[in-house]
Protein chains: 2
Amino acid sequence: MEIIKKFRNVFFYILIIGGFSAVIYWIITTGKELEEGRNIIEKTANTSSFQGFLDSFVENLQHPLGILLLQIIIIIIFARLFGWLSNKIGQPSVVGEIIAGIVLGPSLLGLYLPDVSQFLFPVKSLGNLQILSNVGLILFMFIVGLELNIKILKNKAHEAVVISHASIIVPFAAGIALAYFIYSSFAPDDISFMSFSLFLGISMSITAFPVLARIIQERGMQKTKLGAIAITCAAADDITAWCLLAAVIAIVKAGSFVSSIYTIILAAGYVLVMMRFVRPFLKKVAETYKTDTGYKKSAMAIFFLTLLISSFATEVIGIHALFGAFMAGVIMPSNPRFRSMLIDKIDDIALIVLLPLFFVITGLRTEIGLLNDAYLWEVTGIIIAVAVLGKFVGSAVAAKYVGQSWTESLTIGALMNTRGLMELVVLNIGYDLGILNAEIFAMMVIMALVTTFMTGPIINLIERFKSK
Amino acid sequence: MEIIKKFRNVFFYILIIGGFSAVIYWIITTGKELEEGRNIIEKTANTSSFQGFLDSFVENLQHPLGILLLQIIIIIIFARLFGWLSNKIGQPSVVGEIIAGIVLGPSLLGLYLPDVSQFLFPVKSLGNLQILSNVGLILFMFIVGLELNIKILKNKAHEAVVISHASIIVPFAAGIALAYFIYSSFAPDDISFMSFSLFLGISMSITAFPVLARIIQERGMQKTKLGAIAITCAAADDITAWCLLAAVIAIVKAGSFVSSIYTIILAAGYVLVMMRFVRPFLKKVAETYKTDTGYKKSAMAIFFLTLLISSFATEVIGIHALFGAFMAGVIMPSNPRFRSMLIDKIDDIALIVLLPLFFVITGLRTEIGLLNDAYLWEVTGIIIAVAVLGKFVGSAVAAKYVGQSWTESLTIGALMNTRGLMELVVLNIGYDLGILNAEIFAMMVIMALVTTFMTGPIINLIERFKSK
């Protein structure tokens with residue numbers, strides 16, 4: 001019986017597939033006559049079939065989606081490779097990832113293999129890359145906000161805030177002083193001294209919370225008192241620096257402090273609404289829509305909408321979408337399990353796939369070839385010196401003053417000096433606003449790279465002295 | 001002592017912040033003189049400060065990032081709202097989401113509020129929306145592949161394959177026959193009959209595996225024999241239809257079957273490489289990089305790279321990136337916990353944030369207003385009738401023949417008739433290739449909507465008859 005049934009099925013299968021295939025073939029052949037009077041292009045009329053295939057191959061490669069996929073693939077591979085290499089030499093992977101971006105940009109690939117560079121990053125493809133990189137940055141800043149534990153800030157002594165604010169205002173002032181000397185030679189023609197100097201100041205004051213947190217973790221310092229203070233300082237730095245940056249962007253866009261007043265009032269109102277109304281609302285949502293294994297899709301939709309609306313609001317107010325993304329992360333429900341669940345949901349796509357695009361966008365803008373004489377490298381050296389001295393000395397002296405030992409103070413100074421990715425974010429905003437030209441941009445990227453690179457070796461040095 | 005220390009700290013804080021602020025203020029004021037001879041635009045020269053703020057507000061709103069964020073926010077809200085409404089009336093949420101897309105397109109918003117529509121979806125902003133929607137579709141097809149359990153297909157009887165292939169070839173042939181009658185009036189001028197008819201055929205044969213799976217789950221049918229057969233059929237349908245679609249795209253792009261031969265050989269080679277080499281490799285990666293809580297970032301990078309490279313390969317070969325994304329999902333390690341972990345990592349961003357963009361891209365292309373006379377609605381009716389009869393009758397008869405009861409056969413027929421989202425994916429590919437014009441596109445979208453909508457009521461009807 002079973003065999004008969006099987007046979008019956010096979011017979012039916014062959015009959016139906018065979019029969020209908022014949023019908024299909026017949027209609028398609030007959031239908032050819034309907035084409036009469038039409039203007040159908042025979043693609044393979046003049047070329048051999050294989051040539052036609054090759055042509056379509058190249059055509060597909062230059063299609064927006066094709067080239068975008070190729071770009072992402074190559075960028076991820078380079079970022080992972082260079083990140084891995086920089087881990088091998090004891091550096092945080094962000095150092096390698098920044099270098100990967102520079103390597104793929106005009107400084108190296110564009111210089112030595114211009115054809116490859118042109119093929120891989122044609123100008124008209126950069127818009128798509130930029131949008132995806134922006135999406136990646138918004139998710140990344142959201143994660144930075146999520147990882148920031150406001151409770152730590154509340155519980156810890158005021159010491160951290162003193163150190164943090166000193167570590168911001170000193171390099172800020174140093175940056176503004178530096179601006180006084182380089183404004184005439186390097187500021188774009190239509191940029192006022194105030195805009196230029198405020199931006200140089202803020203660029204000098206940035207500390208990369210994520211990189212610093214990773215360095216502390218990799219060295220097992222997160223449970224020491226020193227590690228805790230450094231983390232808290234960096235967190236306070238993050239919030240302060242981003243609020244300052246928001247104010248600077250507002251002033252720069254409005255043209256003067258007075259005309260930025262509406263933006264600043266609105267921004268303050270925005271922060272208030274987020275803290276007083278959105279935060280409790282989200283807490284309620286998280287409690288209401290909890291399921292055994294996680295959260296309902298509707299709750300997730302509300303969290304994502306909060307992120308998007310917050311980014312949109314700050315972008316429209318005029319203090320940049322990234323500030324809104326960061327704030328959205330900060331005000332999410334503080335339950336650590338909730339936060340790590342949310343981070344889990346986005347960090348792989350954000351950090352593995354999208355963030356490397358930002359490094360390459362930065363790298364494409366970084367034309368190290370522009371720094372082609374000794375004077376420009378001198379200026380770069382001065383920028384690095386001012387950045388390091390301002391941040392390192394500012395935070396170390398403050399730490400010493402509020403009661404840390406010298407070793408601890410110096411370690412805090414070294415850690416706060418890490419610029420990392422955050423610096424690149426600020427520099428790109430400055431570039432987009434037209435405040436930093438390509439030369440200053442390249443110099444500042446080198447500064448970000450050097451200060452991030454030096455953190456590890458300096459801490460090693462301090463530890464070696466201490467153990468003696 | 002403690003009080004003295006606190007006082008000391010506050011004094012130090014005020015001194016350092018106050019002192020440096022004064023320095024900063026002084027430099028910025030002094031630096032004004034450096035501006036001499038420059039061409040600095042005073043943005044607020046002629047307008048009141050508040051007017052200037054309003055201007056920059058509107059400017060920020062029209063900036064690519066600002067408008068993109070606004071679009072995404074509105075699209076998500078509409079998609080969730082309409083999805084929720086369609087759940088309320090017992091329909092799968094995809095029905096509401098498709099309608100949300102149409103509502104935001106020229107059929108409704110564009111018709112009644114053209115200014116709002118123009119403001120919200122300016123033509124130059126659509127490129128960005130399209131790229132993000134493509135990224136969403138790639139992730140979605142990856143998830144569809146991940147949710148497909150090949151083992152089920154291997155274990156189950158051949159019955160499912162017979163039903164599945166019958167449920168493809170019958171509507172395929174019906175679609176081709178239909179093409180014979182409407183080709184002269186509706187096919188774009190430069191499209192051959194073969195391309196047009198093959199595409200109409202494949203559009204008729206699609207079954208939406210994800211929607212079908214959700215309907216079966218919502219009705220608690222997944223543990224019945226009937227539910228298992230339907231799921232298996234839909235899975236077999238998915239693989240077969242996507243392979244057929246790949247072949248159709250290859251033929252259409254190359255212009256004839258003969259000249260598509262290289263593409264088809266390469267595509268076969270690609271599938272072979274994925275199955276024989278990439279699959280075991282990924283299995284090894286998953287075993288090697290496993291940690292207690294999940295997988296290392298390097299492993300995740302490899303999985304994402306596989307998805308991207310696979311999509312890129314199929315796009316360049318000429319059988320569409322979405323086929324590659326689907327295949328990448330299919331060949332991922334079959335361990336169910338691994339798959340659900342991977343799905344967890346991407347489904348919120350993909351399904352909540354990015355996929356609704358695709359519905360709106362589809363909606364923006366769907367101009368129901370074009371169907372402005374009775375004849376066109378007649379054709380739409382005929383398309384729907386052919387689609388339903390082909391799919392419904394084809395699968396029901398086959399199911400009956402291989403030994404199901406009449407009720408079961410009809411239920412399977414009703415389920416397989418669900419077109420859902422998958423149909424929209426195919427239709428958009430046809431539109432992008434220039435095979436479907438706006439009229440046929442709108443008709444086919446209505447067909448997808450109607451067939452998805454009717455699934456629930458028909459099953460209810462069958463069940464009511466059965467229980468009598």
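His320(A) sits in the loop that joins helix H14 (297–317) to helix H15 (321–330) of chain A; helices are DSSP runs of H or I with at least four residues, numbered from the N terminus. The model is a predicted one, in which local features need pLDDT of at least 70 and side-chain atom pairs count only at pLDDT 80 or more, while totals for chains, interfaces and linings use all residues. Residues are numbered from 1 along each chain as its sequence is written, and chains are lettered from A in the order in which they are written.

Most residues other than glycine have a negative phi. In His320(A), however, phi is positive, near 75°. His320(A) counts as buried because it has 26 C-beta neighbours inside 10 Å; a residue is buried if 20 or more other C-beta atoms, placed from the backbone, lie within 10 Å of its own. In chain B, His320(B) lies in the loop between helix H14 (297–317) and helix H15 (321–330), has a positive phi of about 75°, and is buried with 26 C-beta neighbours inside 10 Å.

How are the two chains related?

The contact between the chains involves 91 residues of chain A and 90 residues of chain B, where two residues are in contact if their C-beta atoms, placed from the backbone, lie within 7 Å. On the side of chain A that touches chain B, helix H9 (residues 159–186) of chain A gives the most, with 13 residues. The residues of that side comprise 55 nonpolar, 22 polar and 14 charged; Ala, Val, Leu, Ile, Met, Phe, Trp, Tyr, Cys and Pro count as nonpolar, Asp, Glu, Lys and Arg as charged, and the others as polar. Because 99% of the interface residues of chain A are also interface residues in chain B, the copies meet through the same surface.

One helix pair illustrates this contact. Helix H1 (residues 2–31) of chain A packs against helix H9 (residues 159–186) of chain B at an angle of about 15°, with the axes 10 Å apart. H1(A) and H9(B) are therefore roughly parallel, a term for angles under 35 degrees.

Methods: Helices (H or I, at least four residues) and strands (E, at least two) are DSSP runs, numbered from the N terminus. A residue is buried if 20 or more other C-beta atoms lie within 10 Å of its own, exposed if 12 or fewer, and partly exposed in between; C-beta atoms are placed from the backbone. Axes are lines fitted to C-alpha atoms, for helices over the stretch in contact, and angles run from 0 to 180 degrees between N-to-C directions. Angles under 35 degrees count as roughly parallel, over 145 as roughly antiparallel, 65 to 115 as roughly perpendicular and the rest as oblique.
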